Amino acid sequence: MSSNPANDLQVDRPIRVLIHGASGRMGQALLRLLPEFPSLQLVATPGRGELSAAADFDVAVDFSLPEALPPLLQRCREQGAALVTGTTGLDASARQALESLAAQVPVLWASNFSLGVAVMDRLVEEASAVLTPAGWQCDIIEQHHIHKKDAPSGTALTLGASAERAGAEVRYAALRAGDIVGEHTVQFAGVGERIELIHRASSRDIFARGALWCATRVAVAPAGMHTIRSLLFPA
Ligand SMILES: NC(=O)C1=CN([C@@H]2O[C@H](COP(=O)(O)OP(=O)(O)OC[C@H]3O[C@@H](n4cnc5c(N)ncnc54)[C@H](OP(=O)(O)O)[C@@H]3O)[C@@H](O)[C@H]2O)C=CC1
Ligand SMILES: O=C(O)C1=N[C@H](C(=O)O)C[C@H](O)C1
């Protein structure tokens, strides 16, 4: 999760990586930061309709749109390659398709690859476990740039799911404005007091670095569904 090359993985041979969605905001950040991870060797950046002609790879790193995923999953399955994806707005059948791919290859989907949000997620779960039974209300307010298609954001839904595990009934509000990289507020409101947990992303580099760090780990992991929490905070 760090820009320190010492945190890169030592490997016998380079891990061949395909970047899916390379022309996008996240794709461009991934390409710029890739040199921080010498174990990763870029072999393909296929655009629309170019996947079948792409070179063989060990791990795909994907930030695209839900409709772009089926051909990528198919290619990973055919090749036995790992998948790290941060694409949000996935419906139940897309999530199921990831689970089914994970029966054959290592897969990691994360709605947010930042360390800060991973820690915030744990705080939300802990706060909700105490405050929900005490009758506090949980609300999640997220703000993003005007180009973002899905709402609520994937991160908001992940944080909400963590609060809901403790029984909370979460309400969501989403704002799309300017070039906001991403801001998430989880508010717990009781009578006479309130707690607000806020994460503000000021650069996409935090997501790109997190995804590349995960790729170095997932590429050499066993088949199955991996999570950012299981990589960052192994039991
Ligand atoms: N998990 C995380 O930490 C983060 C997740 N995200 C998520 O990542 C995704 C991408 O975000 P962002 O980079 O801002 O989006 P962009 O719109 O900037 O980029 C989307 C990319 O996907 C490609 N694409 C879109 N549709 C298709 C298709 N049908 N087939 C193949 N390629 C396609 C685009 O190609 P083209 O140029 O041809 O349109 C482009 O390269 C979103 O779901 C966003 O929510 C974003 C930031 C962090
Ligand atoms: O689309 C974005 O930009 C982001 N999407 C992710 C989400 O949906 O939570 C992560 C981050 O907030 C930026």
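**Close-up views of a predicted model**

**The largest pocket and the residues at its centre.** Of the 45 residues that line the largest pocket, Met26, Phe63, Ser64, Leu65 and Thr87 lie nearest its centre. The elements that contribute two or more residues to this lining are α1 (25–33), α5 (154–164), β8 and β9. The structure is a predicted model, in which local features need pLDDT of at least 70 and side-chain atom pairs count only at pLDDT 80 or more, while totals for chains, interfaces and linings use all residues. Residues are numbered from 1 along each chain as its sequence is written, chains are lettered from A and ligands numbered from 1 in the order in which they are written, and side-chain values use heavy atoms, with hydrogens and water left out. A pocket is an open set of points on a 1 Å grid over the protein atoms alone, where a 1.4 Å probe fits, with protein on both sides within 12 Å along at least five of seven lines; lining residues have an atom within 4 Å of a point. Helices (H or I, at least four residues) and strands (E, at least two) are DSSP runs numbered from the N terminus.

**Make-up of the lining of the largest pocket.** The space in the largest pocket comes to about 1200 Å³ (the space filled by probe spheres set on the points, which are joined across faces, edges and corners). Helix α1 gives the largest share of the lining of the largest pocket, three residues. Sorted by class, the lining of the largest pocket holds 14 nonpolar, 23 polar and eight charged residues. Here Ala, Val, Leu, Ile, Met, Phe, Trp, Tyr, Cys and Pro count as nonpolar, Asp, Glu, Lys and Arg as charged, and the others, Gly among them, as polar. Domain 1 (15–109 + 205–232) and domain 2 (115–201) each supply at least three residues to the lining of the largest pocket; the domain bounds come from an automatic or database domain assignment.

The volume of the second largest pocket is about 430 Å³. It is lined by 21 residues, and the closest to its centre are Trp109, Ala110, Thr158, Thr227 and Ile228. Two or more lining residues come from each of α3 (92–102), α4, α5, β10 (224–226) and α7. Helix α5 gives the largest share of the lining of the second largest pocket, four residues. The lining of the second largest pocket is made of eight nonpolar, eight polar and five charged residues. The second largest pocket lies between domain 1 (15–109 + 205–232) and domain 2 (115–201), because both give residues to its lining.

**A salt bridge between aspartate 58 and arginine 16****.** The whole structure has 13 salt bridges (a side-chain nitrogen of Lys or Arg within 4 Å of a carboxyl oxygen of Asp or Glu). In the one between aspartate 58 and arginine 16, the closest N and O atoms are 2.9 Å apart. The pair links distant parts of the chain, 42 residues apart: aspartate 58 is in the loop between β2 (40–44) and β3 (59–62), and arginine 16 is in strand β1 (residues 15–20). Aspartate 58 is buried at a relative accessible area of 16%, while arginine 16 is partly exposed at 28%. Buried means under 20% relative accessible area, exposed over 50%, and partly exposed in between (1.4 Å probe, protein chains only).

**A salt bridge between arginine 229 and glutamate 125****.** The side chains of arginine 229 and glutamate 125 come to 3.0 Å, N to O. Arginine 229 belongs to helix α7 (residues 228–232) and glutamate 125 to helix α4 (residues 115–131), so that distant parts of the chain, 104 residues apart, are linked. Arginine 229 is partly exposed, with a relative accessible area of 27%, and glutamate 125 is partly exposed at 26%.

**A salt bridge between glutamate 183 and arginine 200****.** The N to O distance between the side chains of glutamate 183 and arginine 200 is 3.3 Å. Glutamate 183 sits in strand β8 (residues 182–189) and arginine 200 in strand β9 (residues 194–201), 17 residues apart. At 18% relative accessibility glutamate 183 is buried, whereas arginine 200 is exposed at 57%. Elsewhere, Asp121, Glu125, Arg165 and Arg229 are joined into one network by salt bridges that share partners.

A polar atom of the histidine 226 side chain is 2.8 Å from the backbone oxygen of proline 222.

Definitions and conventions:
Polar contact = N/O pair within 3.5 Å; in protein donor to acceptor, adjacent residues only side chain to side chain.
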